[in-house]
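Visitor: Please show me the structure, and take me through it by question and answer.

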Amino acid sequence: MKLKAEKLSIGYGNDNTIFPEISFVADEGEMIALLGVNGIGKSTLLRTISGLQKSVNGTISVGEKPLEGLTVQERAKLISIVLTEKIFVDNISVRDFVSLGRMPYTSWLGNLADEDLQEVETVMAIMKMQRLQAKLFNQISDGEKQKVLIARALCQQTPVIILDEPTAFLDFRNKKEILELLSSVSKDLKKIVILSTHDIEASVQYCSKCWLMTEEKKFVEIARSENFTSEVMSQLFIESNRHS
Amino acid sequence: MIRNRNIFLFIAFAFCVIAVFFLQLILGSVSIPFSEVVSILIHNTSSSEAWRNIVLESRLPAALAALLAGAGLSVSGLQMQTMFRNPVAGPYVLGISAGASFGVAVFILAASAFGVTEIHLLSSWSIIIAAAVGAVFIFFINFLISFRLNDVVALLIIGLMIGGGISALIEIMQSFSSNEALKNYVLWTFGSFRYVDTNQIFYLALVVVIGVVFSFFLSKPLNLLLLGDTYATSTGLNIRVAKILIVLCTSILAGSITAFCGPIGFVGLAVPHIARSVFKTADHKILTPACVLIGAVICGLCNVIASTPGSDNVLPVNAITSLLGAPVVIWIILRQRKF
């Protein structure tokens, strides 16, 4: 299944286009880093791909389905998200939190069927977080919380997972762990993982390609190569030099 | 194991509800023995005709009203706390009680202008209708806002502002009121389960049962809203529809209870916290029935205390619920924030 965007313009209506003419193709098994300076529109692009915000122009499609015209329920089975904002929920166990990812598949009352429980179990095992499952969400560390949020998204069983700065609040060890995990998830489970980040050196080495949103409003794809990280850095450097 | 614990707790609280129900029938200005209460309820006979009258005409409707009000207010408080993701939200944040108070204030003032100032007014259908009209009016304002804006914070602020504006209008009306009318209005704001008579209790029960069942059906949307609007949308929830249904449900519960019993503070705020910390869950399929039972127990107890057993005094229910509720909320918040 492919995620495609054609001549996508993002923003808030025709008069307020933030970034024009974005075209890309992402294939299953790929992990993609979305790079660019603050305020360039990374979050807006991610929100638009997630269907949380309307595009100004152009189309996005998952597989053969154009995103526009899908109901929220249908979209929930194609794209899952992990946001930067911190979440405060009292009295919810890690297990129950992760189970919320199964809701697109449950009936009107949200009862978990056997296959839902099975999926939660499988995801917990993949994420190596069985020891966390009985703990309360608000009593675990930031790194563990990020894993819980990723597990919740995995339970949603969507071909596309979108993460807005998943490493923002983490220390070096946790960053490495989360990125390795996402990389293996994208390869082993054949998912498209797109993440925005400012930790270029830390994250780029795990990705199969990078998307760069330049200050000249160009959308540039950099494919993985031998000196991938340095190439991405030099591209970024050239862009920022050209600008100043 | 957790499931067994929950079943045990549900059974325990159900017994507490029954115990509090009988306590309300037994205690009051005169104590009536338990055996007599049972015989009045089952066989409709008693060794004293006065006791029979007290139990059936006065204490039974008040006791049921207290249980229903506690259940309904707690459930709507739970919904508001989840929807606004705010632990100090309660059934009245939407301005429902302000609307009901306004309806009642206008009605009492108008009635006194026509020379009707009896205290009996407070248990009449007209006051219920006046309060309901006020609450419905506010509901429609909220409904239009939540339909137009997708923003709960705006809804919260507008609810508070409506409340403030209406209090100001009521104060202006009070300054023109006669002493009797003023006294009646103030008595109404004290809250009481005694205004509800044997005919009215049926209607209150009907509306509260409908509201509670309705809110149980909203468990899944409420669970999804725990993580905030964005996650809820991305897991397939149409949040606009969900929020309108939640506002409707809370308005039905809080509006009808306020119409029948007056504004009852703190129960709707405190009980959801108690339910969460006792049942150690955030799942609304468990919290909704938990709030029903715990809310009923607490309002029933408040009714017993307000009736000051052994004396002829009656205390304002609102004062009792606040005195009990405020420390509970403080205790729970301190307990939760220790890490």
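**A walk through both chains**

Guide: Ala14(B) is found in helix 1 (residues 2-26) of chain B. One caution before we go on: this is a predicted model.

Visitor: Is Ala14(B) buried, partly exposed or exposed?
Guide: A buried residue needs 20 or more other C-beta atoms within 10 Å, and an exposed one has 12 or fewer. Ala14(B) has 15 such atoms, so the class is partly exposed.

Visitor: What distance separates the C-alpha atoms of Ala14(B) and Val292(B)?
Guide: Along the chain, Ala14(B) and Val292(B) are 278 residues apart.

Visitor: What is the radius of gyration of chain B?
Guide: The C-alpha atoms of chain B fill a box of roughly 65 × 55 × 35 Å along the principal axes. With 339 residues, a compact globule would come out near 20 Å. Chain B agrees with that, at 20 Å.

Visitor: Of the contacts in chain B with a separation of 6 or more, what share joins residues 24 or more positions apart?
Guide: Buried residues make up 50% of chain B. For the contacts you ask about, the share is 80%.

Visitor: Turn to chain A. How many helices and strands are there?
Guide: Chain A has both kinds of element. The count is eight helices and ten strands.

Visitor: What is the radius of gyration of chain A?
Guide: The box around the C-alpha atoms of chain A is roughly 55 × 40 × 30 Å along the principal axes. Buried residues make up 41% of the 244 residues. A compact globule with 244 residues would have a value near 18 Å. Chain A agrees, with 18 Å.

Visitor: In strand 2 of chain A, which residue is the bridge partner of Lys4(A)?
Guide: Strand 1 (residues 3-11) and strand 2 (residues 17-26) of chain A pair in the antiparallel sense over six bridges. Their hairpin has five residues between the strands, and Gly13(A) takes a positive phi near 90° there. The bridge partner of Lys4(A) is Val25(A).

Visitor: Which residue in strand 4 of chain A is the bridge partner of Ala5(A)?
Guide: Strand 1 of chain A also runs antiparallel to strand 4 (residues 57-62) of chain A, joined by five bridges. In strand 4, the partner of Ala5(A) is Ile60(A).

Visitor: Which residue takes a positive phi in the hairpin of strand 4 and strand 5 of chain A?
Guide: Two bridges join these antiparallel strands, strand 5 being residues 65-66. Val62(A) stands opposite Lys65(A). The hairpin has two residues between the strands. With a phi near 65°, the residue is Gly63(A).

Methods. Residues are numbered from 1 along each chain as its sequence is written. Chains are lettered from A and ligands numbered from 1 in the order in which they are written. This is a predicted model: local features need pLDDT of at least 70, side-chain atom pairs count only at pLDDT 80 or more; totals for chains, interfaces and linings use all residues. Helices (H or I, at least four residues) and strands (E, at least two) are DSSP runs, numbered from the N terminus. The radius of gyration is taken over C-alpha atoms; the globule rule is 2.2 Å times the number of residues to the power 0.38. Two strands pair if DSSP finds at least two bridges between them. Two residues are in contact if their C-beta atoms, placed from the backbone, lie within 7 Å.
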